[in-house]
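Please examine the sequence and the three-dimensional structure shown below. The report then describes how the parts of the chain are arranged.

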Amino acid sequence: MKPGKVTKRRQAALAGLGPPGPCQFVLEEPAFVCGRRTVERHHILPRSAGGNEDADNLITLCRRHHRWVHEHPADARKRGLLKGRYKT
């Protein structure tokens with residue numbers, strides 16, 4: 001499968017979630033949320049570690065914060081944005 005390709009199964013699963021909301025990355029306490037509207041869906045437990053497409057395993061993040069999560073997995077785990085083993 002080509003990188004970035006969305007399978008019919010994945011597309012159907014994501015379609016059931018409705019339109020994505022704003023970026024949910026918390027910038028600082030007390031809960032100042034990024035809120036950017038152009039977002040990607042991030043798997044808290046990666047699919048490579050057994051994660052699924054259920055709504056409780058997905059969070060919307062803007063591209064900048066999605067990249068941050070994958071570049072800083074230890075910090076992302078502390079924030080609850082990443083669980084399990086992330087394969088780079």
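**Overall make-up**

The structure is a predicted model. Its secondary structure consists of three helices and four strands. Read from the N terminus, the order of these elements is α-β-β-β-β-α-α. The chain has 88 residues, and 27% of them are buried. Its accessible surface is about 6400 Å², and carbon and sulfur atoms supply 52% of that area. Among contacts in the chain with a separation of 6 or more, 48% join residues 24 or more positions apart.

**Strand β4**

How many of the residues of β4 are buried? Five of the five are buried, so the strand is largely enclosed by the rest of the structure. In a regular strand, side chains alternate between the two faces of the sheet. In β4, Leu-58, Thr-60 and Cys-62 lie on one side and Ile-59 and Leu-61 on the other, and both faces are covered. Strand β4 pairs with strand β3, which spans residues 39–43, in the antiparallel sense over five bridges. Within this pairing, Thr-60 of β4 has Arg-41 opposite.

**Helix α2**

Helix α2 covers residues 63–71 and has both buried and exposed residues, as the table shows.

| Group in α2 | Residues |
|---|---|
| Buried | His-65, His-66, Val-69 |
| Exposed | Arg-63, Arg-64, Glu-71 |

The buried residues of α2 are His-65, His-66 and Val-69. Viewed down the axis of α2, these buried residues fall within an arc of 105°, so they line one face of the helix. The exposed residues Arg-63, Arg-64 and Glu-71 are on the other side of α2. The packing partners of the buried residues of α2 are β1 (26–28), β3, β4 and α3 (73–78).

**The nonpolar core**

The largest nonpolar core has twelve residues, including Cys-23, Phe-25, Cys-34, Val-39, Cys-62 and Val-69. Strand β4, residues 58–62, gives the most to this core, with three residues. Two residues discussed above, Ile-59 and Leu-61, also belong to the core, and both are buried on one side of β4. Val-69 is likewise a member of the core and is one of the buried residues of α2.

Which residues does Cys-62 contact, leaving aside its neighbours within four places in sequence? They are Cys-23, Cys-34, Arg-36, Thr-38 and Val-39. Of these, Cys-23, Cys-34 and Val-39 are also listed in the core together with Cys-62.

Terms used. Residues are numbered from 1 along each chain as its sequence is written. This is a predicted model: local features need pLDDT of at least 70, side-chain atom pairs count only at pLDDT 80 or more; totals for chains, interfaces and linings use all residues. Side-chain values use heavy atoms; hydrogens and water are left out. A nonpolar core is a set of buried Ala, Val, Leu, Ile, Met, Phe, Trp, Tyr and Cys residues joined through side-chain atoms within 4.5 Å. Buried means under 20% relative accessible area, exposed over 50%, partly exposed in between (1.4 Å probe, protein chains only). Helices (H or I, at least four residues) and strands (E, at least two) are DSSP runs, numbered from the N terminus. Contact means heavy atoms within 4.5 Å. Accessible areas come from the Shrake-Rupley method with a 1.4 Å probe; for residues, only the protein chains shown count as cover. Two strands pair if DSSP finds at least two bridges between them. The arc is that of the directions from the helix axis to the C-beta atoms.
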